[in-house]
Amino acid sequence: MLKGKSILLGVTGSISAYKICNLASMLKKLHADIHVIMTKNATNFVNPITFETLTGNKCIVDTFDRDFEFNVEHIALAKKCDIYMVAPASYNVIGKIANGIADDMLTSTMAAFTKTRIIAPAMNTNMYENPILQDNLEKLRKYGFEIIDASCGYLACGDTGRGKLPSEEELLNRILYHVLYPHDLENKNILITAGPTQEAIDPVRYITNHSSGKMGYAIANKAYLRGANVTLISGSVNVKAIKGINVIDVKSAKDMYEAVKDNYKNNDIVIMSAAVADYTPKDYSDNKIKKNDNDMSIELERTCDILKFLGENKKENQIVVGFSMETENLVDNSKKKLIKKNCDMICANSLNSNKTGFKADTNQITLIKKNDIKELPFDTKENLAMMILDEIKNL
Ligand code: CTP
């Protein structure tokens with residue numbers, strides 16, 4: 001995934017430096033070439049040998065390291081690497097970078113670095129909220145640095161508040177955002193729905209389906225990494241969206257319809273990958289329905305067809321894409337949906353194997369357009385998400 005990409009990590013003195021070992025390992029698994037520069041203080045928390053073992057490259061600590069080509073190395077790394085992330089970034093190092101001080105390898109390399117620069121602060125809450133630090137961060141933003149806001153939580157110093165280094169996944173996603181794909185969907189607003197809906201019967205029970213949301217989330221995450229502004233309207237799922245995606249949580253088909261209605265107009269592309277219930281209980285019982293000795297039945301009424309609504313109310317140049325889940329006559333039935341719901345494309349998935357459909361990580365998809373049918377290869381949902389976005393881009 002990251003073959004041919006060189007990532008530079010700057011590590012300063014904070015207990016959260018341990019997280020960067022995991023980040024380096026995650027990057028290595030994606031085949032990145034990783035270089036690490038540590039401040040002297042950082043070596044009190046993590047040994048440089050840890051990074052050397054994880055990355056296979058020398059970890060640089062001091063500009064005046066006699067065992068190394070010290071005088072040119074910071075320029076060489078600044079030229080070689082595609083991105084430079086300082087995480088955790090201490091109060092002190094942020095102050096230095098913001099004020100043009102370059103007195104060690106980490107800060108000197110930053111002074112010479114001209115590509116994407118990311119700073120992820122981590123420190124005690126009072127230090128983080130200190131207006132001097134906030135001014136320095138503002139100054140760095142002004143100079144084009146990306147700042148990753150510290151998270152809230154229990155800090156190593158015993159305080160609870162803002163100042164935590166975000167998770168390794170979040171740091172990795174920021175790196176991936178910048179280096180993984182060209183931003184060919186930049187300035188595109190994309191609305192995606194994903195996951196199942198839940199139709200409540202009473203406070204205890206509901207009707208739902210097996211949708212895991214994996215396909216919709218894969219599309220949302222890939223679209224985001226390709227530079228799009230993504231809004232994701234999601235039913236209850238156990239998959240995660242990348243931070244930066246605007247997630248709107250919903251439960252029922254009606255909630256999803258309302259959320260789509262509120263948001264679709266501002267979007268260039270709308271993708272309905274959610275498994276929306278076609279029927280909902282006609283009456284909701286405020287109290288738990290008690291059993292008796294008889295059988296029972298629940299009267300159901302139709303929900304609104306959200307995709308059909310989108311097809312009928314399409315904005316100029318808006319692209320509407322639907323999904324179709326079938327167990328028989330996949331192409332014919334999906335074609336009918338394409339026409340009936342006035343969409344530009346239907347992604348038809350067959351449910352005929354346990355390697356495709358709801359819970360699987362892989363899928364088999366056929367793309368159906370008015371005058372064209374294209375069978376995509378059997379692949380992971382991640383890869384299929386890329387292919388679906390490529391096809392939408394060409395619509
Ligand atoms: N869909 C929708 N609103 C509904 C039901 C479905 O927007 N109330 C959308 C789905 O998100 C999907 C497409 O319509 O993009 C097709 O869904 P699918 O369940 O395959 O088909 P249905 O239209 O529900 O028809 P059927 O159940 O007869 O297959």
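Predicted model: local features only at pLDDT ≥ 70, side-chain atom pairs only at ≥ 80, totals over all residues.
Residues are numbered from 1 along each chain as its sequence is written, and side-chain values use heavy atoms, with hydrogens and water left out.

Taken along the principal axes, the C-alpha atoms of the chain fill a box of roughly 80 × 50 × 40 Å. The chain holds 13 helices and 21 strands, where helices (H or I, at least four residues) and strands (E, at least two) are DSSP runs numbered from the N terminus. Of the 395 residues in the chain, 51% are buried; here buried means under 20% relative accessible area, exposed means over 50%, and partly exposed lies in between, with a 1.4 Å probe and protein chains only. The chain exposes about 19400 Å², of which carbon and sulfur atoms supply 47%; such areas come from the Shrake-Rupley method with a 1.4 Å probe, and for residues only the protein chains shown count as cover. Among contacts (heavy atoms within 4.5 Å) between residues at least 6 apart in sequence, 67% join residues at least 24 apart.

An antiparallel pair can be seen where 4 bridges join strand β6 (residues 151–154) to strand β7 (residues 160–164). S151 stands opposite K164 in β7, and the two strands form a hairpin with 5 residues between them, where G158 in the turn has a positive phi of about 100°.

We turn next to charged side chains. A salt bridge is a side-chain nitrogen of Lys or Arg within 4 Å of a carboxyl oxygen of Asp or Glu, and by this rule the count comes to 22 salt bridges. In one of them R174 meets E146, with the closest N and O atoms 2.7 Å apart; this pair links distant parts of the chain, since R174 is in helix α8 (residues 168–179) and E146 is in strand β5 (residues 146–147), 28 residues apart. Both R174 and E146 are buried. Helix α8 also carries E170, which is paired across 73 residues with K243 in the loop between β11 and β12, at 3.4 Å from N to O. In this pair E170 counts as buried because its relative accessibility is 16%, whereas K243 is exposed, with a relative accessible area of 54%.

Which residues do salt bridges that share partners join into one network? They are D184, R226, D390 and K393. Between D184 and K393 the closest N and O atoms are 3.1 Å apart, although D184 is in the loop between α8 and β8 (189–194) and K393 is in helix α13 (residues 381–393), 209 residues apart. D184 is partly exposed, with a relative accessible area of 30%, and K393 counts as partly exposed at 44%.

R226, by contrast, counts as buried because its relative accessibility is 2%. R226 is placed in the loop between α9 (214–225) and β11 (229–234), and, leaving aside its neighbours within four places in sequence, its contacts include Y181, P182, H183, D184, D390 and K393. The C-alpha atoms of R226 and H178, which are 48 residues apart along the chain, are separated by 9.1 Å.

Terms used:
Pairing = 2+ DSSP bridges.
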